[in-house]
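Q: Please walk me through this structure, one feature at a time, and tell me how to read each.

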Amino acid sequence: MGKEAAGKGKEAGGKGKGKAASGGGDEPAAKGKGKSGKAADGLGTCTYVKARHILCEKQGKINEAYKKLDEGWLSNGDKVPPAEFAKVAAEYSECPSAKKGGDLGWFPRGKMAGPFQEVAFNTVVGATSAPFKSTHGYHIILSEGRKN
């Protein structure tokens with residue numbers, strides 16, 4: 001039924017997507033559907049994201065973690081390897097996920113709060129976000145995958 005509903009356009013958006021569509025990411029999804037059913041870059045249109053993150057209560061600490069990622073990879077235009085991101089997460093993150101290298105696994109749109117969801121669903125696979133603030137503290141996200 002998923003493929004059938006997706007092909008019907010208006011009906012799928014009104015009935016089949018309920019909570020997912022109202023989960024805070026309406027604009028990118030609506031923009032993408034107006035063209036060919038997908039945004040050109042694929043951002044904002046997926047249902048699930050796989051990500052790692054670093055969470056710190058203090059801005060100074062998240063900036064230290066980002067500096068480490070920047071000096072090692074980002075400043076050269078390189079992507080941070082997930083194994084290396086995991087090491088930095090284990091060292092700096094204050095989230096229980098730090099024990100797993102910051103791995104949050106796959107999560108659906110609507111599960112994470114506001115700014116975290118926005119950044120997670122709009123970061124290109126393989127890319128690392130800049131530090132940002134949420135109600136839980138300061139984060140850096142490494143996007144590892146996207147799927148519908």
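A: Start with a hairpin: β3 and β4 form one, with two residues between them. Helices (H or I, at least four residues) and strands (E, at least two) are DSSP runs, numbered from the N terminus. This is a predicted model, in which local features need pLDDT of at least 70, side-chain atom pairs count only at pLDDT 80 or more, and totals for chains, interfaces and linings use all residues. Residues are numbered from 1 along each chain as its sequence is written, and side-chain values use heavy atoms, with hydrogens and water left out.

Q: What is the average pLDDT of the protein chain?

A: pLDDT is the predictor's confidence in each residue, from 0 to 100. The protein chain averages 79, and 70% of the residues score at least 70. Residues 1-40 have a pLDDT below 50; in the model this stretch makes 23 contacts beyond near neighbours in sequence, a contact being heavy atoms within 4.5 Å. Where pLDDT is low, the predicted coordinates should not be read in detail.

Q: In what order do the strands of the sheet lie?

A: Strands of a sheet pair through backbone hydrogen bonds, either parallel or antiparallel. Two strands count as paired if DSSP finds at least two bridges between them. Here four strands make an open sheet in the order β2-β1-β4-β3, with antiparallel pairing. β2 (103-108) and β3 (132-134) are the edge strands, each pairing on one side only. From one strand to the next, the twist averages 50°. Axes behind such angles are lines fitted to C-alpha atoms, for helices over the stretch in contact, and angles run from 0 to 180 degrees between N-to-C directions.

Q: How many bridges join β1 to β4, and how many pair β3 with β4?

A: β1 and β4 run antiparallel and are joined by nine bridges. In that region, Leu55 stands opposite His139 in β4. β3 and β4 also pair in the antiparallel sense, over three bridges. Ser134 has Gly137 in β4 as its bridge partner.

Q: Which helices lie on the sheet?

A: α5 lies across β1 and β4, at about 45° to β4. α6 packs on the sheet as well, touching β1 and β4, and its direction makes about 40° with that of β1.

Q: Why is β4 described as largely enclosed?

A: The term to know is buried, meaning under 20% relative accessible area; exposed is over 50%, and partly exposed lies in between (1.4 Å probe, protein chains only). Eight of the 11 residues of β4 are buried, so the rest of the structure largely encloses this strand. Glu144 is found in β4, yet Glu144 counts as partly exposed at 22% relative accessibility.

Q: What does Glu144 touch?

A: Leaving out residues up to four places away in sequence, Glu144 touches Lys50, Ala51, Arg52, Pro82, Asp103 and Val125. Glu144 and Thr128 are 16 residues apart in sequence, and their C-alpha atoms are 9.4 Å apart in space.

Q: How many salt bridges are there?

A: A salt bridge is a side-chain nitrogen of Lys or Arg within 4 Å of a carboxyl oxygen of Asp or Glu. The structure holds six. One of them joins the side chains of Lys50 and Glu144, at 3.3 Å from N to O. This pair links distant parts of the chain, with Lys50 in strand β1 (residues 48-56) and Glu144 in strand β4 (residues 137-147), 94 residues apart.

Q: How many disulfides does the structure hold?

A: A disulfide is a covalent bond between the sulfur atoms of two cysteines. The criterion is a pair of cysteine sulfur atoms within 2.5 Å. The structure holds zero disulfides. Cys46 counts as buried at 6% relative accessibility, and Cys95 counts as buried at 16%.
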